[in-house]
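Please take a look at the protein below.

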Amino acid sequence: MQTLGIIGGSGLTRLKALQLHRQEFVATPYGEPSASLTFGELDGSPVVFLPRHGASHSFPPHRVNYRANLWAMKQAGVERIVGVAAVGGITAAMAPGVLCIPDQVIDYTWGREHTLFSDDLDSVTHIDFSEPYCEPLRQDLLRAARRVGVTVHAGGTYGTTQGPRLESAAEIRRMEADGCDVVGMTGMPETSLARELALCYASLSLSVNWAAGKNDGPITMAEVQSHLDQGMAVVLKVLAAAAGG
Ligand code: HPA
């Protein structure tokens, strides 16, 4: 069985259900990953877990060393990775609590180390990114969700903002006009770096709030936290099923 790599986001800094085998710190040419890699089993299936924001949630989205994280996973022999993300829902179908497996991404971030091809012009590779996510892994996730009776939204465009602040209502209106269904802060450059490393990468995105201006009043962290707590239990079920094949 091919090991599943899992990059956990907010609400998933630890995989409680993981049967732990070992932890390994992987040094990379791009600096330190967010944490040591955790090797273990989810329901008897091998996984390698990495908390995107660090073991004690110390790296905000614009400070995550995405290059080191993806490189470390590759170095560990992982070939398929699910990036778990908490997102805001923009379009009507993406209500808080909904799980989405996006099929497109738009990058609104800036100033992040976003490529492995920054130094040597001779080796610059212009990767194809027409379909940014790995379709076989998206299908695996959809099948896994079906197997465990979890409803997921199959598709959607993930707009990645810089953060750490949330968006203005006008920014969300613009993103909706651009075609975004959900908004999060970590989708890029994680997705494109995975492609640069020829890794099979898909996103499992959990809506934890209505995006700015889509609901009455401000976005509260209490609302976000309650959807994170409930939703991550469901995310875990899908991940365990996906790890099994
Ligand atoms: N915007 C950006 N990132 C997010 C949001 C949001 O509304 N919710 C969770 N992550």
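A residue is called buried when its relative accessible area is under 20%, exposed when that area is over 50%, and partly exposed in between, using a 1.4 Å probe and protein chains only. C180, with a relative accessible area of 1%, is therefore buried. The model is a predicted one, in which local features need pLDDT of at least 70 and side-chain atom pairs count only at pLDDT 80 or more, while totals for chains, interfaces and linings use all residues. Residues are numbered from 1 along each chain as its sequence is written, and side-chain values use heavy atoms, leaving out hydrogens and water.

**Cysteines**

Let us stay with the cysteines. A disulfide here is a pair of cysteine sulfur atoms within 2.5 Å, and by this rule the count comes to one. C134 and C200 form it, with an S to S distance of 2.0 Å. The torsion about their S-S bond is about -80 degrees, so the disulfide is left-handed. What does the pair tie together? C134 sits in the loop between β7 (104-107) and α2 (135-147), and C200 belongs to strand β11 (residues 200-210), so the bond links parts that are 66 residues apart in sequence. Both C134 and C200 are buried.

C100, by contrast, is in no disulfide, and the nearest cysteine sulfur, that of C180, is 11 Å away. Seen from C180, the closest cysteine sulfur is in C100, and 11 Å is too far for a bond. C100 is buried, with a relative accessible area of 1%.

Helices (H or I, at least four residues) and strands (E, at least two) are DSSP runs numbered from the N terminus. Strands pair if DSSP finds at least two bridges between them.

On one pairing, β2 (residues 19-24) runs antiparallel to β3 and is joined to it by five bridges; Q19 has E41 in β3 as its bridge partner. On another, five bridges connect β3 to β4 (residues 45-51), again in an antiparallel arrangement, and G40 stands opposite V47 in β4. β3 and β4 make a hairpin with two residues between them, and D43 in the turn has a positive phi of about 50 degrees.

**Helix α1**

Helix α1 (residues 66-75) is mostly covered, with seven of its 10 residues buried. These are Y66, R67, A68, N69, L70, A72 and M73. They pack against β1 (4-8), β3, β4, β5 (80-89) and α4 (187-196), where contact means heavy atoms within 4.5 Å. Just after the helix, G77 takes a positive phi of about 90 degrees.

G8 lies in strand β1 and counts as buried at 1% relative accessibility. Its C-alpha atom is separated by 7.3 Å from that of F49, which is 41 residues apart from G8 along the chain. Leaving aside residues up to four places away in sequence, G8 touches F49, L50, P51, R52, H53 and V84.

Y133 is found in the loop between β7 and α2. At 4% relative accessibility, Y133 is buried too. Y133 and P102 are 31 residues apart in sequence, yet 7.9 Å apart in space, C-alpha to C-alpha. Beyond residues up to four places away in sequence, the contacts of Y133 include P102, D103, R138, Y158, T191 and Y201.

**The ligand**

Which residues surround the ligand? They are A86, V87, G88, L166, E167, V183, G184, M185, V208 and N209, where near means that a heavy atom of the residue lies within 4 Å. A polar contact is a pair of N or O atoms within 3.5 Å; within protein, one must be able to donate a hydrogen and the other to accept it, and residues adjacent in sequence count only if both atoms are side-chain atoms.

| Residue | N or O atom of the residue | Distance to a ligand nitrogen atom |
|---|---|---|
| A86 | A86 backbone | 3.2 Å |
| E167 | E167 side chain | 2.8 Å |
| N209 | N209 side chain | 2.7 Å |

The protein covers 91% of the 270 Å² of accessible area that the ligand has on its own. Accessible areas come from the Shrake-Rupley method with a 1.4 Å probe, and for residues, only the protein chains shown count as cover.
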